[in-house]
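Me: I have this structure open beside its sequence, and I would like to learn how to read a few of its features. Could you go through them with me slowly?

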Amino acid sequence: MTPDPAEFSSTPPARPGAVAVIDIGSNSIRLVVYKSQGLGAEELFNEKVLCGLGRGLAKTGKLHPAGAALARVNLVRFTRLAKAMGVARIDLLATAALRDAKDGPAFKAELEALSGHPVQVLSGEEEGRLSALGVAAGFPGAQGVMGDLGGGSLELVEMTGGRPGRGVTLPLGCLKLMDSCAGNETATASQVDRCLEAVDWLDQVRGTGDFFAVGGSWRNLARVNMAQCGYPLQVVQDYAMDPQEVDELATIIGHQSKSSFARIDGVTKARLEILPTAAIVLSRVMNALASEAVRFSAFGLREGHIFDLLPPEEQALDPLLTTCAEFAWRDSRFDHIGDPLVAWTDPLFPKQKPGARRLRRASCLLSDLAWREYPAYRANDALFRILYFPFVGLSHAGRVFLGLAAHARHGGRPDSEVLSPYRSLLPAQDARDARVLGLAQRLAYQLSGATREVLAQCSLGYDKKRKLHLFLPADGTIPAGDTVMRRLAALAEALEAKDFVIGG
């Protein structure tokens, strides 16, 4: 379960320096350098090369020669770049291709000699566990099944309360299926079904939660579906589809030319040929699990590896609130007032449920996000920074809530055209609450000058008669001022208050 925000400390934990992870997969190798060994896994650098090490492996039993040559060159590049960046550690992780190939051990030794670093060849069980930990890092309290689709294998792991459980590795990677089934849709679906039927615990988890999809091929499917339906928020993390949408997408991809998807942002040309296979696998897995929805994960094995390095007490922290707290400490003008703002806005949101209060806390921590920007651009800048920052532990509706609150806090108008594409992702009452919260924050910053000392001497009240009160010190040491009164009036209007007053 997501931690109770009331128990959250906004002081960021001390962390080691940057860490580099090089993931040597069946289809690609990738270098990702993370800012720190901590929650959120903020990236400093990311580069991928589609080598296709596992291409033809099912037939030859060996790594693809051209792919191996490409991997050698780029692995040297990756390790040298990481060293030049001064990272605290460099970890090389290899998956199904090196695990299954006859020449895998020899290639591993060659890579170690070239890079000067050990290569850890993960077992299928360990690969699944780390990918599941990546989902745990990005979806606190995840319930259902994680699936990581690579070029050589598919890992399925049960998720219960955000922790990995039973797992299995299946020979259902996209490259392996393309080799064995030669692109035949019926043969591919039958092979996937046979493998899934042999997993004895899948029946026990049918219909028990969501399916969390990990892997580049499935992320590309999410981007295709966003483009097909005109979805306004181009963020893969926690993008969701129901089983019918998955089946329809599989049909579309199976019957349209690859060139029709080539112009979609984020869909790499090198992955176009494996999209039909990836869609079939997703459709058959969803059918076998009877999952209500698939939720796509931007986090996987690499992020799970980072998460696995953390002490248990930091793993238990809320990744959204931790990231927002780091923003607050780094970007605020003075000693940030994000924490006091939560209590200051409490009277406007009585009996708020924990999930909504958690979002309000995140919003308060982000409330001074755009103070450095030119005033005319602050509202839009804050909106888009929040909509497209790689937050985790945050649904798309929650992302829009935070964006709308930030837009209002920085003076954005409620009828602004820039908000129009995103309104459909948030219920009307939640959109109203976001504006109320943003205007309350705007009032607080004007009143206090962004200082804790002044804010602590003031408070809000909202009574049963729908009268909004602003309480100031009785000795007159903090007068309201014209701008404060205008912002109090704007907050009252958003609340649909019948009246607003200074004092009782």
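**Reading strands, burial and salt bridges**

Reply: Val19 belongs to strand β1, which covers residues 19–24; helices (H or I, at least four residues) and strands (E, at least two) are DSSP runs, numbered from the N terminus. This is a predicted model, in which local features need pLDDT of at least 70, side-chain atom pairs count only at pLDDT 80 or more, and totals for chains, interfaces and linings use all residues. Residues are numbered from 1 along each chain as its sequence is written, and side-chain values use heavy atoms, with hydrogens and water left out.

Me: Is Val19 buried or exposed?

Reply: Buried means under 20% relative accessible area, exposed over 50%, and partly exposed in between (1.4 Å probe, protein chains only). Val19 has a relative accessible area of 0%, so it is buried. The C-alpha atoms of Val19 and Val87 are 5.3 Å apart, although 68 residues separate the two along the chain.

Me: Which side chain meets that of Asp23 in a salt bridge?

Reply: Side chains of opposite charge can pair when their charged atoms come close. A salt bridge is a side-chain nitrogen of Lys or Arg within 4 Å of a carboxyl oxygen of Asp or Glu. Asp23 pairs with Arg302 (3.0 Å, N to O). Because Asp23 lies in strand β1 and Arg302 in helix α11 (residues 301–308), the pair ties together parts that are 279 residues apart in sequence. Asp23 counts as buried at 13% relative accessibility, and Arg302 counts as buried at 11%.

Me: How many salt bridges does the structure hold?

Reply: The structure holds 25 salt bridges, including one between Arg409 and Asp368 (3.2 Å, N to O).
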